[in-house]
Structure formats: structure tokens, C-alpha cells
Amino acid sequence: MTASNNKLRMMIVTALFAAIIGILAQVTIPLPLVPITGQTLAIGLAATILGARYGTLSILVYLAIGAAGMPVFAQMSGGLGSLFGPTGGYLFGFIPTAFVIGYYLEKMGFTIRNAVVANILGMFVALGFGTVWLKIFAELSWAGAFMGGFAPFILVGVIKAVLAAWIGISVRNRLASAKLLHGLETRNHSSL
């Protein structure tokens with residue numbers, strides 16, 4: 001496969017994952033302050049399957065599409081108002097989240113155990129960004145921001161992290177065995 005074919009394939013895969021994130025973002029469990037969505041599961045999947053570079057790029061594409069006004073964010077929202085509203089910190093936090101997950105896996109190996117650790121780390125990054133943003137945007141105390149924007153999502157976040165790790169590594173292994181991950185780091189240190 002030529003370098004240009006591989007680059008085109010990875011651009012298509014990156015765009016596909018941006019679309020997957022937009023679709024899973026519509027899976028929502030509404031809560032009073034910040035809804036629980038499938039976005040974070042999709043972010044974990046993208047980073048676990050694609051690694052740091054392409055996983056982060058898929059997040060950037062997703063955010064750009066949403067910023068342009070396409071209703072790809074949670075609850076069919078989009079536009080700059082969504083990015084700079086109360087949940088904007090979570091959206092911007094997806095960028096370092098994907099990078100941290102992908103980078104950890106590239107350094108430690110693409111195993112389910114490592115993917116669980118990486119996705120839990122990523123969950124804390126996203127929740128941290130969201131909480132800080134919420135504190136500033138809503139002018140809350142640190143305790144109020146933590147109780148409203150972090151604590152309620154820990155248990156669900158861990159569940160989504162484990163799901164993203166298990167599904168992501170399973171899909172990644174199948175793509176690798178089908179030789180569809182050409183150009184990506186494919187190192188596995190162990191089966192777990």
C-alpha cells in the first residue's frame with residue numbers, strides 16, 4: 001500500500017470516527033446540570049482503536065463539525081454556543097482525553113488491561129476539564145462544581161471506560177488481523 005493510499009484511508013477512518021462520536025452523542029440520559037451521553041464512550045473507542053494521533057484528530061474533526069453548527073453534540077446541539085456554554089469544558093476536554101488514552105496505549109501496549117487504565121485516566125481528564133469550566137462558567141464553588149460536574153459521573157464513567165477498553169481492543173485486534181491498521185502503532189504486550 002502506498003503512503004498516499006494509507007493517508008487517505010486514515011483520513012476516512014478519522015472522519016468515520018468523528019461521525020460515530022456524533023451518533024453516540026445522541027444517546028443521552030438527561031440529568032439536571034450535565035447529561036450523561038454516549039460521547040465519552042465514543043471518545044474512548046476512537047482513542048483506543050486509533051491511538052493518540054488519529055484518535056485526537058477524530059475529536060478535532062468532531063468539534064469542528066459541531067462548531068460549524070451541525071447538531072452533533074449531545075441533544076442534537078451544535079454551534080459555538082454549545083462549545084462556549086456550560087458543557088464546553090467537557091467538549092474541549094475531549095481533545096486531551098483522546099490524546100492521553102492513545103498515548104498511554106502506544107507506550108504501554110494495546111491490551112484490555114492497559115486500555116481500562118487509559119480510559120479511566122481519560123475519564124478523569126474529561127471530568128477535570130468539565131468541572132473547572134463549570135466552576136468558572138456557572139460561578140460555582142469548587143465543592144459545588146465537583147458535586148455537580150464530577151462526582152455524579154464517576155461510576156458511569158468507569159463503566160463506560162471498561163466498555164470502551166473491551167470493545168475498542170476487540171475491534172482494534174480484528175482490524176489489525178485484517179491488516180486494516182497499516183500505519184498505526186499495533187504493539188501488544190500481552191493478551192490482557
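Val 125 has its place in helix α5, which covers residues 112-137; helices here are DSSP runs of H or I with at least four residues, strands are runs of E with at least two, and both are numbered from the N terminus. This is a predicted model, in which local features need pLDDT of at least 70 and side-chain atom pairs count only at pLDDT 80 or more, while totals for chains, interfaces and linings use all residues. Residues are numbered from 1 along each chain as its sequence is written, and side-chain values use heavy atoms, with hydrogens and water left out.

- Apart from neighbours within four places in sequence, Val 125 is in contact (heavy atoms within 4.5 Å) with Gly 93, Pro 96, Thr 97 and Val 100.
- Met 70 lies in the loop between α2 and α3 (80-83), and Met 70 counts as partly exposed because its relative accessibility is 49%.
- Although Met 70 and Gly 22 are 48 residues apart in sequence, their C-alpha atoms are 9.5 Å apart in space.

**The nonpolar cores**

- The largest nonpolar core has 29 residues, and those with the most contacts inside it are Ile 21, Ile 59, Tyr 62, Leu 63 and Phe 73; such a core is a set of buried Ala, Val, Leu, Ile, Met, Phe, Trp, Tyr and Cys residues joined through side-chain atoms within 4.5 Å.
- Two or more residues of this core come from each of α1 (3-24), α2 (39-67), α4 (88-108), α5 and α7, and α2 gives the most, with ten residues.
- Leaving aside neighbours within four places in sequence, Ile 59 is in contact with Ile 21, Ile 43, Phe 94, Ile 95 and Ala 98.
- A second, separate core has seven residues, among them Ile 36, Tyr 90, Leu 134 and Phe 150.

**Helix α7 and the annotated regions**

- Leu 155 lies in helix α7 (residues 154-177), and Leu 155 is exposed because its relative accessible area is 64%.
- The unreviewed UniProt entry carries the annotation "transmembrane region" for residues 35-52, 59-76, 88-105, 117-138 and 150-169; such annotations may be inferred rather than shown by experiment, and their positions are given in the numbering used here, with feature names shortened.
- Residues 150-169 are 80% helix and 0% strand, with end C-alpha atoms 27 Å apart, whereas residues 59-76 are 50% helix and 0% strand, with end C-alpha atoms 17 Å apart.

Key:
Buried < 20%, exposed > 50% of the residue type's maximum accessible area, 1.4 Å probe, protein only.
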